[in-house]
Amino acid sequence: MILAQVQIHNRAGDDSCVADNGFCPNWIWDNFDRYVDPFWGHVYLTVVAVAIGFAISFALALVAYRRRWLIGPIVNVTAILYTVPSVAAFFLLLPVTGRGTTTALIALVAYTLLILFRNTLAGLDNVPDEAKDAGRGMGLTNRQLLWRVELPLAVPEIVAGLRVAATSTVGLATLAFFAGAGGLGEQIFADINFKSNVVTAGGLCVLLAVALDVGFLLIQRAVTPWSRA
Amino acid sequence: MKAATLEFKEATKVYAGATEPAVDHLSLEVPAGEICVLVGPSGCGKTTAMRMVNRMIEITDGDILLDGRSVTERRPAELRREIGYAIQQVGLFPHMTVAANVATVPRLLGWDKRRIATRVDELLELVSLDPSQTRDRYPSQLSGGQRQRVGVARALAVDPPLMLMDEPFGAIDPINRERLQNEFLRLQAEIRKTVVFVTHDIDEAIKMGDRIAVMQKGGRLAQYAPPSELLSSPANAFVEDFVGADRGLKRLSLERVRDIDLWRAPLVRDGEQPPDGDYDLDYPLVVDEAGRPLRWLSGSRAEPRIELDDVLRDALSEMLEEETQYAPVVDERGVVAGVLSIEIIGHSLAQP
């Protein structure tokens with residue numbers, strides 16, 4: 001980390017703004033390439049973590065929806081995972097999975113489970129009983145009812161969960177460099193006193209969070225025209 | 001598809017852990033094309049009895065035969081696709097358009113797109129909705145009455161031989177309920193389905209039912225009879241109490257003016273002498289050229305005008321309002337068809 005700090009200053013040359021650790025648009029303009037790879041690394045960590053987390057939570061929610069007794073144990077376990085401080089989680093995993101992306105992803109996925117599981121289940125539980133009764137009474141099998149009625153009606157809650165999970169994962173992924181997984185966090189902590197650096201890397205984090213949030217919102221609006229009718 | 005016969009044979013439901021049965025050895029037969037109303041106070045097992053037919057609730061003893069074949073031999077999902085199903089809360093799918101809702105069962109049965117589209121429009125027209133106006137709307141954009149109509153259209157989608165209707169008009173305001181009831185009766189006159197109709201409202205039961213099954217607590221059948229018989233000779237004190245102290249008046253709503261022998265009164269045109277002859281009523285009625293009533297010859301108003309299709313209850317009510325003993329009855333063209341008197345109404349009640 002110390003090395004990286006030295007490196008940024010050295011490359012900055014004799015600009016006084018940079019020497020004062022200030023906010024220097026020129027420096028940012030000239031040095032923007034150094035943020036591109038960490039940004040895509042960050043996108044990768046976030047998207048893959050949310051995707052895996054969603055796949056797991058979605059499957060768990062479907063199982064628990066029919067077997068209600070599983071809800072308690074699943075919520076308890078995912079809640080415990082959620083309460084482990086993130087930095088501690090990275091360090092706990094290091095001896096098991098070593099430094100690298102895998103370790104970071106395991107921890108990031110673990111954090112998404114609670115919110116995604118709870119929202120998916122809440123979405124399914126909020127489907128009106130009379131719609132389920134009518135569906136069953138017209139001869140939909142349980143599977144048809146799930147895919148044609150229950151899940152489409154649960155989409156708003158499921159997407160709400162994805163939005164929270166995505167934005168919080170963007171934040172948590174800034175700590176992924178503790179596990180050696182790179183990302184924008186590595187850039188921020190490389191020179192945390194240098195305003196230009198922190199603003200650029202931090203700004204990209206915010207931009208990513210907003211982009212994911214808006215993206216999910218747009219997807220939701222596209223697939224639930226009925227909710228605005 | 002033509003209507004089916006439905007037979008409950010000692011059908012019984014005892015819920016796990018319950019000591020009392022919810023439905024207790026229910027036996028009754030619904031002939032093809034008739035409306036059988038299950039009526040009774042809450043907790044009498046009427047909804048349970050209805051839901052046993054399409055196996056939404058499984059019978060624990062006895063049997064239910066649809067066209068002579070036990071429903072327990074059928075796979076539930078397949079059985080249900082052949083039975084129309086309409087419930088009080090309608091249960092339209094909020095995320096589907098009206099057209100997609102109505103198309104639910106045709107899609108399950110794999111109809112092709114064009115056939116489905118044609119059928120949807122046909123059904124919407126059948127329930128008095130304008131297809132081009134409603135087809136692409138979502139349920140939240142409809143009024144309560146429109147939703148009920150879509151629910152009925154959806155239940156009729158594949159022309160099922162049997163319809164189950166659980167308080168289908170229960171959540172509607174009284175004025176619209178009456179309209180929907182009348183519409184359904186008109187529709188039923190056309191489509192002639194076998195219908196099991198559940199309600200807690202005895203007036204609705206009398207209006208809708210060809211036969212009424214009155215159920216009492218413990219899921220027991222108290223009486224199964226056509227409405228007129230139920231009102232004229234209740235089987236026990238429970239039924240008598242349930243149909244109400246005004247069952248005499250209720251019988252009046254079963255009969256139409258058209259169905260009883262009206263009195264004849266002398267008809268005169270303006271300025272002419274009353275004709276001689278034997279009449280039931282001695283007060284001549286003045287009519288115009290076309291035979292439409294103008295006034296009584298005595299000068300009093302010839303009101304109210306009763307129509308042949310009015311039920312006796314409405315006719316009596318109108319006469320009481322006008323404080324009159326006699327009223328002219330007119331046909332569709334407004335021409336005098338006879339005279340209705342309070343006395344005739346009294347007589348019609350005396351006959352069983």
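The contact between the two chains takes 16 residues from chain A and 20 residues from chain B, where two residues are in contact if their C-beta atoms, placed from the backbone, lie within 7 Å. On the side of chain A that touches chain B, α8 (129–137) and α9 (142–172) of chain A each supply at least two residues. The largest share of that side, six residues, comes from α8(A). By residue type, the side of chain A that touches chain B divides into nine nonpolar, four polar and three charged residues. Here Ala, Val, Leu, Ile, Met, Phe, Trp, Tyr, Cys and Pro count as nonpolar, Asp, Glu, Lys and Arg as charged, and the others, Gly among them, as polar.

Before going further, a word on what you are looking at. This is a predicted model, in which local features need pLDDT of at least 70 and side-chain atom pairs count only at pLDDT 80 or more, while totals for chains, interfaces and linings use all residues. Residues are numbered from 1 along each chain as its sequence is written, and chains are lettered from A and ligands numbered from 1 in the order in which they are written.

Let us take chain A as a whole. Its secondary structure comes to 11 helices and zero strands; helices (H or I, at least four residues) and strands (E, at least two) are DSSP runs, numbered from the N terminus. The C-alpha atoms of chain A fill a box of roughly 80 × 45 × 20 Å along the principal axes. The radius of gyration of chain A is 22 Å, whereas a compact globule of 229 residues would have one near 17 Å. That radius is taken over C-alpha atoms, and the globule rule is 2.2 Å times the number of residues to the power 0.38. Buried residues make up 39% of the 229 residues in chain A. A residue is buried if 20 or more other C-beta atoms lie within 10 Å of its own, exposed if 12 or fewer, and partly exposed in between, with C-beta atoms placed from the backbone. Among contacts in chain A between residues at least 6 apart in sequence, 74% join residues at least 24 apart.

Now turn to chain B, which is assigned domain 1 (6–251) and domain 2 (257–350), with bounds from an automatic or database domain assignment. The C-alpha centres of these two domains of chain B lie 40 Å apart.

Five of its five residues are buried, so β3(B) is largely enclosed by the rest of the structure. In a regular strand the side chains alternate between the two faces of the sheet. In β3(B), Ile35(B), Val37(B) and Val39(B) are buried on one side, and Cys36(B) and Leu38(B) are buried on the other. β3(B) pairs in the parallel sense with strand β8 (residues 194–199) of chain B over five bridges; two strands pair if DSSP finds at least two bridges between them. Leu38(B) stands opposite Val198(B) in β8(B). Four bridges join β3(B) to strand β9 (residues 211–216) of chain B, also running parallel, and Val37(B) has Ile212(B) as its bridge partner there.

Asp173(B) sits in the loop between β7 (162–166) and α8 (174–191) of chain B. Asp173(B) counts as exposed because it has 9 C-beta neighbours inside 10 Å.

Finally, three strands of chain B form an open sheet with mixed pairing, in the order β14-β15-β16. Its edge strands are β14 (306–307) and β16 (336–341) of chain B, each pairing on one side only.
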